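I opened this entry to record what I looked up in the structure, going from the overall make-up to single residues. The notes follow the order in which I checked things.

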Amino acid sequence: MATTGTVSAHSSRATRRNAIIAVVAVAVLGAIAFDTTVVSIGGEGDLRQQAFDPDRYGAEQFPRIRDFVSGKAPEAVALAEELEADRAAAVEAYGTMAGAFPVMPVTFTGTVGEGTSGIFNVAVEGLPEGTGVRVQTGPAINGTELRDIVGDISFGAFKNQIEYQDAGSGINRAMAAEVLSDLDREALTGRTVTVTGAFTMINPKNWLVTPVAFEVQG
């Protein structure tokens, strides 16, 4: 009888212990479930969607950059004359500082000359002697003029330098897709074009323009 009582006591304690473990397990699972968010593939919570996408960023930013440049760009002849007369005043009136050099908006109509690697000389009537204008047409668009011209896309808004550079490349690709995708580069020489764009003014007499609008006349 004593043995039977001892077995019964052990069995009762084991039953209580198992019940406690079961209760704790249910509580833990409930807490996990409460704190867990189900993420669908491609949804807003998908980490892949949270990663920086330079092409999506470029497509979002380019329309306002285009409008900003188009709304502020002076005619090339007037800009060149103002730069010769008072460079600091012209930069203050039109430019956006990007590091050591200003980025300037400009618009012009001229005749396309010879080109190399998608970069063409453009003869603009009335420019001061010695001032040269070139425009890059791709396929590859280099530089960060379009990123920098608006003045509010800063390094601090990005995770690192790579993202910051990628943002500029994404904007350039968005521009090329919208503005230059149908351009026949082989037939440009000798044609009249109207271009609006931006250039980094390292040399005030040598402009390499990245376009936001490019129209071939005729």
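This is a predicted model: local features need pLDDT of at least 70, side-chain atom pairs count only at pLDDT 80 or more; totals for chains, interfaces and linings use all residues.

Strand pairing. With that criterion I looked up strand β3 (residues 119-123) and strand β4 (residues 132-136), which pair in the antiparallel sense over 4 bridges. Within this pairing I found Asn121 standing opposite Arg134 of β4. I then followed β4 to strand β6 (residues 206-216), where the two pair in the parallel sense, again over 4 bridges. Here Val133 has Trp207 of β6 as its bridge partner.

Overall make-up. I counted 7 helices and 6 strands in the protein, and from the N terminus on I read their order as α-α-α-α-α-β-β-β-β-α-α-β-β. Of the 218 residues, 36% count as buried. Taking contacts between residues at least 6 apart in sequence, I noted that 67% of them join residues at least 24 apart.

Core. Which residues have the most contacts inside the largest nonpolar core? They are Phe108, Trp207 and Phe214, in a core of 47 residues. Helix α7 (residues 161-180) gives the most to this core, with 8 residues. I kept in mind that in soluble globular proteins nonpolar side chains tend to be buried together.

Helix pair. I next looked at helix α4 (residues 76-85) and helix α5 (residues 87-94), which pack at an angle of about 135° with their axes 5 Å apart. From α4 the contact is made by Leu79, Glu82, Leu83 and Ala85, and from α5 by Arg87, Ala90 and Tyr94. I sorted these contact residues into 5 nonpolar, no polar and 2 charged.

Thr196. Is Thr196 buried or exposed? This residue, found in strand β5 (residues 192-200), has a relative accessible area of 11% and is therefore buried, the cut-off being under 20%. Leaving aside its neighbours within four places in sequence, I found Thr196 in contact with Val69, Ser70, Ala73, Val106, Thr107, Pro211, Val212 and Ala213.

Key:
Residues are numbered from 1 along each chain as its sequence is written. Side-chain values use heavy atoms; hydrogens and water are left out. Axes are lines fitted to C-alpha atoms, for helices over the stretch in contact, and angles run from 0 to 180 degrees between N-to-C directions. Contact means heavy atoms within 4.5 Å. Ala, Val, Leu, Ile, Met, Phe, Trp, Tyr, Cys and Pro count as nonpolar, Asp, Glu, Lys and Arg as charged, and the others, Gly among them, as polar. Buried means under 20% relative accessible area, exposed over 50%, partly exposed in between (1.4 Å probe, protein chains only). Two strands pair if DSSP finds at least two bridges between them. A nonpolar core is a set of buried Ala, Val, Leu, Ile, Met, Phe, Trp, Tyr and Cys residues joined through side-chain atoms within 4.5 Å.
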